[in-house]
Amino acid sequence: YGCSGFKGDLDISSIKVIDDHAFHGCSGFTNKLNISSVRVICDGDFIGCTGFTSLEFPENISIIGNNIFQDCYGLKGELSIPNTVKSIGDYAFCCCSNFSCSLTIPDKVTSIGDYAFYNCTNFFDSLIIGDNVVTIGRKTFYKCYNLCNELNISSSLVFIGDEAFSGCSQINSVIFPISNLAMISNGLFEN
């Protein structure tokens, strides 16, 4: 925790479990984060690790926990969420503002937490949300300015939090089935 003096790559490919906040604030690591064999990544493990520029997820990961990559604004390029993921936690990629790609939420994901992609300002083009998403949290895609084109929201959706797409000013059409949705939240598409 807070070991900002560590420098270079972090290869923990032989580790199976990383406990809570293990590398929180270790901003000196650079380049690729290799977590290819990790089975469990706990909450807050890489908050503020601003030196990482790329990320490769383990093949069988099912949960991306809370705050895992929050404020890792050095991460850039492609964000590829594995098809095995079922849940994306609160603040998971909050303020990772240098990803420059379209974003696909895989079909197995059922929940996307509050602020999960908040202020990820360089996602561009399309946002594809998998067919089984039941909940989208508060301000999940807030200030994702460059997401554009059509937004197709799953008919499985039951809850969507306040301001979930606020500030996504480039979205030009929305397909929004409301068969299971109990209410439209405050400021959903504000700005």
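Guide: Let's go through the ring pairs, then a lysine, a serine and the cysteines.

A word on the ground rules: this is a predicted model, where local features need pLDDT of at least 70, side-chain atom pairs count only at pLDDT 80 or more, and totals for chains, interfaces and linings use all residues. Residues are numbered from 1 along each chain as its sequence is written, and side-chain values use heavy atoms, with hydrogens and water left out.

A pair of aromatic rings is described by the distance of the centres and the angle of the planes. Rings of Phe, Tyr and Trp (its six-membered ring) pair if their centres lie within 6.5 Å; planes under 30 degrees apart count as stacked, over 60 as edge-to-face and the rest as tilted. The structure has 18 aromatic pairs. Take F93 and F99: their ring centres are 6.3 Å apart and the planes stand at 75°, so this pair is edge-to-face. F93 has 0% relative accessibility, so it counts as buried (under 20% relative accessible area; exposed is over 50%, partly exposed in between, with a 1.4 Å probe and protein chains only). F99, at 2%, counts as buried too.

Now look at F141 and F165, a stacked pair with 5.2 Å from centre to centre and 10° between the planes. This pair links distant parts of the chain, 24 residues apart: F141 is in the loop between β11 (135-136) and β12 (147-152), and F165 is in the loop between β13 (159-160) and β14 (171-175). Strands here are DSSP runs (E, at least two residues), numbered from the N terminus. Both F141 and F165 are buried.

K139 lies over the face of Y142, 4.9 Å from the ring centre; the rule asks for NZ of Lys or CZ of Arg within 6 Å of the centre and within 35 degrees of the ring normal.

Next comes S185, in the segment after β14. At 7% relative accessibility, S185 counts as buried. Setting aside neighbours within four places in sequence, S185 is in contact (heavy atoms within 4.5 Å) with I160, G161 and D162.

Last, the cysteines. With a disulfide taken as a pair of cysteine sulfur atoms within 2.5 Å, the count comes to 0. C101 is in no disulfide, and its nearest cysteine sulfur, that of C120, is 9.4 Å away. C101 counts as buried at 3% relative accessibility, and C26 counts as buried at 1%.

Key:
Helices (H or I, at least four residues) and strands (E, at least two) are DSSP runs, numbered from the N terminus.
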